[in-house]
Amino acid sequence: MPQGSVPPTRAVLLQARRDLAFAREAHDLLDRKRQALIAHVLSMLEDAEDLERRLERQFTTAYEALGRARMSMGVERVGWVALSTAKETRVNVTERSIMGVPLPVVEVEPRELRLQYSLSGTTASVDRAVRAFGEVLSLACRVAETETTVWRLAREIRKTQRRVNALANVLIPEYASIVAQVEGALEEREREDFYRVKAVKRMRRKEGR
Amino acid sequence: MELKVFVIGERDTVLGFSLIGVDGMATDDADVAVQKLDDLLADPSVGIVLVTSEIANRIMPVIENRKALATLPLILEIPDRLSRPAKAPLRDLVRRALGVSI
């Protein structure tokens, strides 16, 4: 707000005081939100990183198991098994909210150990590959959940930080300056009135004598 | 909500996931992958999209953009046989958000 652009009236002063109080309150709330988000993201970080590493290792295991299955059974027959598997695996994705940030919760439905392929045409190495990829899937779901959570929290922290900064560096000083400015102008006017009254009294006293 | 998982990318990864009943599409064409990704994002029955690293690294800007726009499905870059996803480590992400070292 440019200096001198507000009329120095009591109404303006009251409004500016209310705005200032509101901006300070908003600042405190947002700052607390920011701190809570930071605490949450920091508490998750180690677990998230650990899960990522586990997923990577499990992928290595699974690719190796798949390679062995293909060696023992032939590329084509593994392909047939894959084709004959019903694509019915489902995961449960819901949402929870922390400080208004929507965060995913992923659960893998426990896979029934129903064999979808005939045992006669396959080898144990296929079973191992299936198990290894099953592990990959459940880990991947947890990583998808934690990674997305960290990602969204980080973004919300940046957003909240910008708002906190805007309040602290722009809005609050602006309202504070209006309050100070109008208070000063009103005081000045009061002093003028006071001296004017005094002057009038003094003149009356002189005339009375 | 019971939702599907879908894999886009390397042939081996798609094969491995199909063994456990997860559908997928093998491609090494970036445009095809982006098209498929957008189809999946518009499909309310899909919960998670896995993209293998070789292709994910080529379309990373698109993936980041889609992650910022959509709440669902979740998108995850996963390692393929030969490479790992070239995404920023989570720690860096958090560090940048906080503006300090942790």
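**Close-up views of a predicted two-chain model**

With 48% relative accessibility, A:Arg196 is classed as partly exposed, a class that lies between buried (under 20% relative accessible area) and exposed (over 50%), taken with a 1.4 Å probe on protein chains only. The model is predicted: local features need pLDDT of at least 70 and side-chain atom pairs count only at pLDDT 80 or more, while totals for chains, interfaces and linings use all residues. Residues are numbered from 1 along each chain as its sequence is written, chains are lettered from A and ligands numbered from 1 in the order in which they are written, and side-chain values use heavy atoms, with hydrogens and water left out. A:Arg196 is joined to A:Asp193 by a salt bridge with 3.1 Å between the closest N and O atoms; the term requires a side-chain nitrogen of Lys or Arg within 4 Å of a carboxyl oxygen of Asp or Glu. Both residues belong to helix α3 of chain A and stand 3 residues apart, about one turn of the helix. An α-helix has 3.6 residues a turn, so residues three or four places apart point the same way. A:Asp193 is also partly exposed, at 35% relative accessibility. Helices (H or I, at least four residues) and strands (E, at least two) are DSSP runs numbered from the N terminus.

A:Glu183 and A:Arg17 meet through their side chains in a salt bridge of 2.5 Å, N to O. This pair links distant parts of the chain, with A:Glu183 in helix α3 and A:Arg17 in helix α1 of chain A, 166 residues apart. A:Glu183 is partly exposed at 29% relative accessibility, and A:Arg17 is partly exposed with a relative accessible area of 38%. A separate network of salt bridges links A:Lys33, A:Glu156 and A:Lys159. Over all chains, the search of the whole structure finds 17 salt bridges.

A:Thr9 lies in the segment before α1 of chain A. The relative accessible area of A:Thr9 is 32%, which places it among partly exposed residues. Between A:Thr9 and A:Glu183 there are 174 residues of separation in sequence, but 8.9 Å in space, C-alpha to C-alpha. Leaving aside residues up to four places away in sequence, A:Thr9 touches A:Val182 and A:Leu186, where contact means heavy atoms within 4.5 Å.

**Interface of chain A and chain B.** The contact draws 55 residues from chain A and 41 residues from chain B. About 4200 Å² is buried between the two chains, 68% of it from carbon and sulfur atoms; buried area is the accessible area (1.4 Å probe) that two parts lose on being put together, summed over both.

Between chain A and chain B the count is 4 salt bridges. A:Glu49 and B:Arg91 form a salt bridge, their closest N and O atoms 2.9 Å apart. On the side of chain A that touches chain B, at least two residues each come from α1 (10-73), α2 (75-84), β1 (90-98), β2 (101-108) and α3 (124-208). α3(A) gives the most to that side, with 20 residues.

**Strand pairing between the chains.** β1(A) pairs with strand β1 (residues 2-9) of chain B in the antiparallel sense over 3 bridges; two strands pair if DSSP finds at least two bridges between them. A:Arg90 has B:Lys4 in β1(B) as its bridge partner.

**Helix α1 of chain B.** Helix α1 (residues 11-19) of chain B has 8 of its 9 residues buried, so it is largely enclosed by the rest of the structure. Among the buried residues are B:Val14, B:Leu15 and B:Phe17. B:Asp12 is buried as well, with a relative accessible area of 12%. The side chain of B:Asp12 meets that of B:Arg81 in a salt bridge (2.5 Å, N to O). The two are 69 residues apart, B:Arg81 being in the loop between β4 (74-78) and α5 (90-98) of chain B. B:Arg81 is partly exposed, with a relative accessible area of 32%. After α1(B) comes B:Gly21, which has a positive phi, near 80 degrees.
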